[in-house]
Amino acid sequence: MLKYIAYVSRQSHIITDRALKELLEEARNNNTASAITGMLIYFHGTFIQYIEGEEENVDWLYSKIAKDKRHQNITELDSGFNKERAFSDWSMAFKRLHKNEAFEILGYKDLETAQLFDNYQSPDEHPALNLLNNYVKNL
Ligand SMILES: Cc1cc2nc3c(=O)[nH]c(=O)nc-3n(C[C@H](O)[C@H](O)[C@H](O)COP(=O)(O)O)c2cc1C
């Protein structure tokens, strides 16, 4: 079985396009080496990330990510096990999401980034996970 973890976090300072590119390059190189796949969404200073792979590798990566000073308020949204990968072709897919796209996906206006950190009864209803799931379908 493969483990997955999904989380949301807030950038700790403004991240330039160049810094974001470097972060992705680093992530993709490491992930290829440790057979991690997943998706990173960047939405108005908020990161939503899904990582999947062998349990040991995913837990190790998440512990590193959780300590990364480039973001804060890291909040786990969901974790569990799957037989197959959702992102088998992506060492780390990336999407910069704009407000109008989020509106189209979620069907309501004025998504505040704070809502992405809210606790929901069921992970299926979580707006951050809905944003992610939508991109799984579109890849
Ligand atoms: C939002 C965000 C997402 C990240 N995603 C990954 C990732 O998917 N894979 C990865 O190896 N590092 C990722 N990192 C970077 C790690 O936190 C860490 O800097 C990197 O794994 C290098 O750690 P090391 O120097 O201990 O090897 C991410 C960092 C941030 C801020």
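Colleague: What kind of model is it, and what is the mean pLDDT of the chain?

Modeller: This is a predicted model, where local features need pLDDT of at least 70 and side-chain atom pairs count only at pLDDT 80 or more, while totals for chains, interfaces and linings use all residues. Residues are numbered from 1 along each chain as its sequence is written, and side-chain values use heavy atoms, with hydrogens and water left out. The score pLDDT is the predictor's confidence in each residue, from 0 to 100. In the chain, 98% of residues reach 70 or more, and the mean is 91.

Colleague: Where is confidence lowest and where is it highest?

Modeller: Helices (H or I, at least four residues) and strands (E, at least two) are DSSP runs, numbered from the N terminus. Helix H4, residues 127-138, has the lowest confidence, with a mean of 83. The highest, at 98, belongs to H2.

Colleague: Which pattern does the chain follow along the sequence?

Modeller: The chain has 4 helices and 5 strands. Read along the sequence, they give β-α-β-β-α-β-β-α-α.

Colleague: What radius of gyration does the chain have?

Modeller: The radius is taken over C-alpha atoms, and the globule rule is 2.2 Å times the number of residues to the power 0.38. For 139 residues, a compact globule would come near 14 Å, and the chain agrees, so the value is 14 Å.

Colleague: Which helix gives the largest share of the lining of the largest pocket?

Modeller: A pocket is an open set of points on a 1 Å grid over the protein atoms alone where a 1.4 Å probe fits, with protein on both sides within 12 Å along at least five of seven lines; lining residues have an atom within 4 Å of a point. The largest pocket holds about 340 Å³ of space, and of its 15 lining residues the closest to the centre are Leu23, Glu26, Ile65, Asp68 and Arg70. Helix H1 (17-33), strand E3 (46-53) and helix H2 (55-66) each supply at least two lining residues. The largest share, 5 residues, comes from H1.

Colleague: Is asparagine 73 buried or exposed?

Modeller: Buried means under 20% relative accessible area, exposed over 50%, and partly exposed in between (1.4 Å probe, protein chains only). Asparagine 73 sits in strand E4, residues 71-82, and its phi is positive, near 50 degrees. With a relative accessible area of 53%, asparagine 73 is exposed.

Colleague: And where is histidine 44?

Modeller: Most residues other than glycine have a negative phi. Histidine 44, not a glycine, has a positive phi of about 50 degrees, and at 41% relative accessibility it counts as partly exposed. Its place is the loop between strand E2 (37-43) and E3.

Colleague: Last one: how far apart in space are asparagine 57 and isoleucine 36?

Modeller: Asparagine 57 belongs to helix H2 and is partly exposed, with a relative accessible area of 24%. Asparagine 57 and isoleucine 36 are 21 residues apart in sequence, and their C-alpha to C-alpha separation is 7.4 Å.

Key
Grid points are joined across faces, edges and corners, and a volume is the space filled by probe spheres set on the points.
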